[in-house]
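Morning, everyone. I have one structure to walk through, and I will keep it brisk. Please have a look at it first.

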Amino acid sequence: MNPSQSKTALVVGAGIAGASVCYALSKQNIKTILLEQESSAAKKASGNPIGVVYPFLTKHKTPESEFSLLAFQYFLELWESLEFGQRVPHVDGIHFLLDSNSAYDRYSHSLLSHCIPETLACLSKEPNSNLDALLFPEGKAVSPVLLTKELIRIANPMEHYNSKLLSWEMSDANGNLICHTEKEILNVDYLFLTQGYQFFTDPKLEWIPMKQVRGQIVEIPSSMFQNQISILYGDYLTADIGGKRVLGASFDEFHLEEETRPKETFDLWNGLQSKLPNLLKNWEKIDIQNFDTRVSFRTQSQDRHPIVGKLPNLSRLDTSIKYQNLFRKNAKTFEIPYYETVGILNGLGSRGLTHALLAAEILVCDILSQSINISETIRKALKPDRFLLRKWKRDELT
Ligand SMILES: Cc1cc2nc3c(=O)[nH]c(=O)nc-3n(C[C@H](O)[C@H](O)[C@H](O)COP(=O)(O)OP(=O)(O)OC[C@H]3O[C@@H](n4cnc5c(N)ncnc54)[C@H](O)[C@@H]3O)c2cc1C
């Protein structure tokens with residue numbers, strides 16, 4: 001028996017990130033407890049009725065675009081092997097409008113620089129607007145809620161709902177993690193922090209530059225539009241799932257109220273009309289304020305890329321030493337101190353559905369010291385360490 005198989009992991013937060021970590025742990029046969037403060041999974045950011053799955057691409061390869069493409073491919077592989085298509089409502093196909101010269105230049109080059117096969121993405125025309133577009137034939141509109149719940153069902157962790165993590169510490173005696181929840185004290189071997197925007201309740205994550213970003217979507221009756229597949233144009237209008245389409249999503253990092261803003265609904269509607277006027281004949285006759293809306297919150301890191309890796313232990317970092325001096329004198333022996341058995345997966349921003357599964361696989365392999373076929377450059381670009389080093393360099397760590 002692999003020694004890790006007699007160990008227990010606690011995963012905090014039953015969104016797409018926590019569900020993906022549970023799935024990665026289940027492949028390692030690690031006993032897992034999934035802790036969620038709400039009464040069921042996917043009530044927060046992962047709770048939108050429809051989301052879109054497609055990769056982030058840049059003109060030239062970057063570690064982040066390479067990760068995103070690999071994550072998209074990994075998502076599609078699991079989609080097939082776990083037969084999600086039969087259980088998670090979805091529609092295949094996304095048209096991503098290239099409605100400016102710079103967008104066309106960026107994305108047409110990205111196909112070449114990333115050697116993307118036509119089966120994943122190709123240049124096309126969006127039929128309603130006749131605008132140039134990138135077509136992701138296997139990009140998807142999915143139900144994030146059912147995707148999250150399906151992953152949890154397959155992973156089969158012990159599910160603790162209505163139970164909030166209040167604090168945790170590492171025992172000096174045996175290195176176990178003592179986790180205080182509202183209801184009990186859990187003693188576990190591994191801890192995975194996937195709390196989404198509520199990261200700020202954990203003082204050990206305070207130094208990581210993440211922020212909460214408000215987003216509003218509108219649910220529109222499907223019959224109103226005829227587009228067969230989802231269309232992205234900065235905002236997005238999804239394909240029909242269960243008689244609904246989603247028009248989204250606004251983005252506000254400064255004002256974070258939970259109430260719907262009527263003006264934002266109006267702006268989303270006007271934006272759609274000006275970008276895709278042929279989608280509807282009588283735009284002005286529709287009272288958009290009658291439609292349901294939902295407000296939720298992304299978690300965004302300072303560089304807008306996911307945060308995936310072992311959690312650095314700031315309390316053991318000697319910040320009295322200047323970063324520059326330390327590297328000059330002692331570069332070879334310098335090591336960041338970590339909570340070796342604590343991992344973080346957060347900062348999924350606007351692409352959590354595409355990125356969470358591969359990010360969770362990388363994280364679990366990192367914590368269990370297992371090899372994974374992902375380059376060190378990509379893994380480094382995801383680690384929380386990047387912010388620690390940046391802050392240390394600028395003397396911003398206290
Ligand atoms: C408006 C909007 C539209 C979006 N559209 C898309 C899209 O089309 N495609 C896409 O890929 N992504 C989209 N995203 C982003 C995507 O929704 C997120 O990246 C993803 O859902 C984040 O998942 P998560 O698991 O990190 O966070 P969450 O889903 O927020 O999960 C975190 C969970 O942790 C729980 N929790 C927090 N603190 C504690 C605690 N102390 N104890 C116990 N439980 C705790 C919370 O209750 C919550 O259930 C969108 C986001 C928004 C806001």
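**Around the ligand**

By class, the shell around the ligand holds 14 nonpolar, 20 polar and seven charged residues. Keep in mind that this is a predicted model. In all, 41 residues surround the ligand. The closest are G13, G15, G196, G215 and G352.

Which elements each supply at least two residues of that shell? There are two helices, α1 (16–26) and α7 (352–367). There are also three strands: β3 (51–53), β12 (210–221) and β16 (293–301).

Now the domains. Where does the ligand lie relative to domain 1 and domain 2? Both domains give residues to the shell, so the ligand lies between them.

Domain 1 puts 21 residues into the contact, and domain 2 puts in 22 residues.

Take the side of domain 1 that touches domain 2. Here α4 (144–155), α7 and α8 (376–382) each supply at least two residues. The largest share comes from α7, with six residues. By class, this side has twelve nonpolar, six polar and three charged residues. So much for the contact. Remember that α7 also supplies at least two residues of the ligand shell.

**The sheet**

Next, an open sheet of six strands. The order is β7-β2-β1-β11-β18-β17, and the pairing is mixed. Which strands sit at the edges? They are β7 (158–160) and β17 (307–312), each pairing on one side only. On average, neighbouring strands of this sheet are turned by 20° against each other, direction ignored.

Zoom in on one pair. Strand β1, residues 8–12, runs parallel to strand β2, residues 31–35. Five bridges join them. Within this pair, L10 stands opposite I33 in β2.

**A hairpin**

Last stop: β5 and β6. Strand β5 covers residues 122–126, and strand β6 covers residues 131–142. They pair in the antiparallel sense, over five bridges. S124 stands opposite A133 in β6.

How many residues lie between the strands of this hairpin? There are four. In this hairpin N130 takes a positive phi near 60°.

That is my tour. Thanks.

Technical notes. Residues are numbered from 1 along each chain as its sequence is written. This is a predicted model: local features need pLDDT of at least 70, side-chain atom pairs count only at pLDDT 80 or more; totals for chains, interfaces and linings use all residues. A residue is near a molecule or strand if its C-beta atom, placed from the backbone, lies within 6 Å of it. Ala, Val, Leu, Ile, Met, Phe, Trp, Tyr, Cys and Pro count as nonpolar, Asp, Glu, Lys and Arg as charged, and the others, Gly among them, as polar. Domain bounds come from an automatic or database domain assignment. Two residues are in contact if their C-beta atoms, placed from the backbone, lie within 7 Å. Two strands pair if DSSP finds at least two bridges between them. Axes are lines fitted to C-alpha atoms, for helices over the stretch in contact, and angles run from 0 to 180 degrees between N-to-C directions.
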